Amino acid sequence: MEKIITIKTDKTLKGDQPNAVKKLVDNFVNKGIKKQVLLGATGTGKTFTVANVISQLNKKALVLAPNKTLAAQLYMELKDLFPENRVEYFVSYFDFYQPEAYVVKSDTYIEKTSVTNSEIELLRVSTFNSLVEREDVIVVASVAAIYASSSPEQFRQNRIIISIKDKTKYTDLKRELVRLNYERNDIDQKPGTFKITGDVLEVSPPFSNEFIYRLSFFGEDIEEIAEIEPITKKVLKKYDFFVLPAAKEYISDANKSKEWLSAIRMELKERVAYFKDNNKLVEAQRIEERTNHDMDALDELGYCSGIENYSRHLESRKEGETPFTLFNYFGDDWILVVDESHLMIPQVHGMHNTDRSRKMNLIEYGFRLPSSADNRPLKFEEFYENLDKVIYVSATPSEWEKEDSSDIVEQIVRPTGLLDPIIKILPSENQIIKVLELIKTTRTKNERVLITVLTIRMAEELTAYLKDNNVKCQFLHNEIKTMERLTILNQLRKGIFDVVIGINLLREGLDLPEVSTVIIIDADKQGLFRNTKSLVQTIGRASRNENGIVYMFADKTTPAMKEAIEETNRRRAIQEAFNKKHNITPKTIIRSIENISKDDNLIIDFSRRSKDRKKTPAAKKQLINNLKIQMKSAAKNQEYERAAYLRDLIIEAENE
C-alpha cells in the first residue's frame, strides 16, 4: 500500500512509547486483534503513541474525545504531527442549544433555540468533503459523531464538479448553487455564499474562509478558474476543475420530493386518526397544523425549520432503521481511537435514551410525528457494530473496555523519567492545621499545591480560612466562569497563587508541572469523586513534578483508596526500574506559561461586574463586539480552546 499518512516531527519515541507502538501495530497487523486498550499513565505521551500507530497502519482514523476542549487540544496536536495530511475537527456546531421539548407537568412547550458557530459548521463540511475525496484523513470528533447526518451517497450527489473541459454553463451553475443552499450575497462573502459581478462569479466554499473560487466566463462558458484571497483578490492558484460541496450538511433531494411528501402525508393521516380515535382532539389539531405548515415550506423551498425531524422520509429509511452518521464516511478499513475511554464510552451509552425520552413527549402530545424519533443518535449496539480496529485510551480504563479488548498495552514509563507520586495517608484529626503546614513546606520549595474537597461550600470555606492565614489561594468550581478558570490556573503556575482548591475540576485535562503536592480531603468518603478512577486521576496531577507527593486525609482505608494506592505503587515501581536500567534522573517538565493579555483581564473583570454592566449598555455592547472579533480571530487561527472561552462569555453577556 502506498504510504500516504506520515508523521513529520523531530520528536522521537521515548520511555514506554516504542514498545507500546510496536505492540499495538503488531496486534492489529500480525495477530488479527481488533480491539485493544492503551493503558497510559498521565504524562506518558499517549497522543504521540497513537499518532505513530495511525502513521504505521496508514489508514483513515477517527479520534473520539469526551468534550470539545479535549477534542480541540487533540486536533491541534495531530495537525502539527501530520502537516501534509488532512486533520479535521468534527464537533457540535451549536454554541448554545436548547432542544425542542414538552414538559407535561407544567404543560409547557419549549421551542428549539440555538446559536450556531459558523466556523465549526465550516469545519464539519470540510470533514465530510475530505472523507469522500481523500484517503489520508484523520478526524478528531466529540460525541457529535454518533448523531444523524446526511448519507455519503447524498453528500456525493449534492456536489458540483466544475470544469473548464466540460464547459459548465453560467445559468446552470447559478441554478445548482441555489439548489445546494448557497445564498447570493454581493456584499458579505462569507462561507456558503456567491457573488456575481458581470461575467465573474465568485463562490465562497463552505469549508474554508481563507480563499474564494473565482470563475471567469466568456459568454456561457468558463474561461478561467482561480483560487483567490478574499480581501486582496490576489490569485493563489489556478485550476482546470474543482469539486464544490453543498453549503450545508443536509439538504433535501428535490427529485424525490413527491415521494417523501406523500410518505409524510400518509403518516400524518394515520397520526390524526389515532388521536381522534383516542379522543385527543387538541393533539390531532396540533399535529395537523404543524406538519402541514412544514410540508408547505418543504414543497415550495425544499427546506423547513426542523427538517431533520423528517429525515427518515427524506432518506427513504424504514422505521427504526439506523441513521447515517460520520462513521459511514470511513468505509470498511479504518481505525477508531477512543480517548479518555472511561468517560467516552458511558457518554455514548447514554445519548440515545436521553434523546428518545425527550422525543416521546413531543410525539405523544402532538408536537411531532412518530418518525421524528428516527432522527436520533446511534444506539450503543449500532455504534459498536460500526467498529473495526479500536484503541481504547485511558489512564483508568473501565472493566467494559478491558473485557472488550483482546490485549491491554501498558504505557507506564514517561519520556521524561518522571515517577508517579508518593502517597501518604494522614488522620483527619486537625487536618486543616496539617494542611496549612504542608502548604508552607511546599511554598519554601517554590512549588504549588492542589487541594480537592467534596463540596463548593467546603472549597469556599477552606479558601477563606487559608487566606486568613496569609496563604495566596483561590477556589475553583463549576460556578467559576470559563475564562476566569483559565486565568486562575495560569496564576497558580506563575506563583500569584500558591494553592487552588477544587472539586471534580482537578481531575482530567490539567497540565500543571509546578504542582508537587496534591491534598485529598475526606479521601475515605464513598462516592463518585472518591472512587478508584477518580482517585487515580487526582493522584496523577502530582506526576508532572519530580517531587510529586499526595496526602490523603482519612480515618480508614477504603477499597477505592487501597486499589488506587496499589496501582500507583505498581506503576512507580515499573518507572523506577526503567530509570535505573537506563540511568535516567527524573526532571520536572519545563513548560511555558501562557500569558494573560489585557483583553483577558478585561474579560475577567467583565465576568465579575454584572451590576456595572447593566448600568452601561453601550459599554457592554462594545465589549461584546470586541469579544466577537477576538473569537473569530481565534477560530481562524485554530485556537479553539480560546475561541470556546470567548464564545461562552459572549453568550453569557447576550443572555442578560
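**Exercise 1. The chain as a whole**

What does the accessible surface of the protein chain come to, and what percentage of that surface belongs to carbon and sulfur atoms? State also how many helices and strands the protein chain has.

*Solution.* The model is predicted, so local features need pLDDT of at least 70 and side-chain atom pairs count only at pLDDT 80 or more, while totals for chains, interfaces and linings use all residues. Residues are numbered from 1 along each chain as its sequence is written, and side-chain values use heavy atoms, with hydrogens and water left out.

Step 1. The accessible surface of the protein chain is about 30900 Å², and 49% of that belongs to carbon and sulfur atoms. Areas come from the Shrake-Rupley method with a 1.4 Å probe; for residues, only the protein chains shown count as cover.

Step 2. Of 656 residues in the protein chain, 53% count as buried. Buried means under 20% relative accessible area, exposed over 50%, and partly exposed in between (1.4 Å probe, protein chains only).

Step 3. The protein chain has 21 helices and 25 strands. These are DSSP runs numbered from the N terminus: helices are H or I with at least four residues, strands are E with at least two.

Step 4. Take the contacts between residues at least 6 apart in sequence: 74% of them join residues at least 24 apart. A contact means heavy atoms within 4.5 Å.

**Exercise 2. Aromatic pairs around Y213**

Describe the ring pairs that Y213 forms with F211 and with Y239.

*Solution.* Step 1. Rings of Phe, Tyr and Trp (its six-membered ring) pair if their centres lie within 6.5 Å; planes under 30 degrees apart count as stacked, over 60 as edge-to-face and the rest as tilted. By this rule there are 14 aromatic pairs.

Step 1. The ring centres of F211 and Y213 are 5.3 Å apart and the planes stand at 70°, so this pair is edge-to-face. Both F211 and Y213 are buried.

Step 2. Y213 and Y239 also make an edge-to-face pair, with 6.1 Å from centre to centre and 70° between the planes. Distant parts of the chain are linked here: Y213 belongs to strand β13 (residues 212-218) and Y239 to strand β15 (residues 235-239), 26 residues apart.

Step 3. Y213 has 6% relative accessibility and so counts as buried. Y239, at a relative accessible area of 24%, is partly exposed.

**Exercise 3. A ring cluster and a charge over a ring**

Which residues do ring pairs link into a cluster? Which ring has the charged end of K11 over it?

*Solution.* Step 1. The cluster consists of F327, F330, W334, F380, F383, Y384, Y392 and W400, linked by ring pairs.

Step 1. A charge sits over a ring if NZ of Lys or CZ of Arg is within 6 Å of the ring centre and within 35 degrees of the ring normal. The charged end of K11 sits over the ring of F48, 4.3 Å from the centre of that ring.

**Exercise 4. The second largest cavity**

Which helix supplies the largest share of the lining of the second largest cavity?

*Solution.* Step 1. On a 1 Å grid over the protein atoms alone, a cavity is a set of points where a 1.4 Å probe fits but cannot get out; lining residues have an atom within 4 Å of a point. Grid points are joined across faces, edges and corners, and a volume is the space filled by probe spheres set on the points.

Step 1. The structure holds three cavities of 30 Å³ or more.

Step 2. Lining residues of the second largest cavity include A41, T42, A395, R414 and D420.

Step 3. Helices α16 (532-539) and α17 (559-582) each supply at least two lining residues. The largest share, three residues, comes from α17.

**Exercise 5. Two residues and their contacts**

Where do A373 and K23 lie, and which residues do A373 and K23 touch beyond four places in sequence?

*Solution.* Step 1. A373 is in the loop between α10 (341-364) and α11 (380-385), and is buried at a relative accessible area of 12%.

Step 1. Neighbours within four places in sequence aside, A373 is in contact with R356, K359 and I363. The C-alpha atoms of A373 and I363 are separated by 8.2 Å, with the two residues ten apart along the chain.

Step 2. K23 is in helix α1 (residues 17-29) and counts as partly exposed at 37% relative accessibility.

Step 3. Not counting residues up to four places away in sequence, K23 touches Q36, D407, I408 and V409.

Terms used:
1 Å grid on protein atoms, 1.4 Å probe; cavity = no way out; pocket = protein on both sides within 12 Å on 5 of 7 lines; lining within 4 Å.
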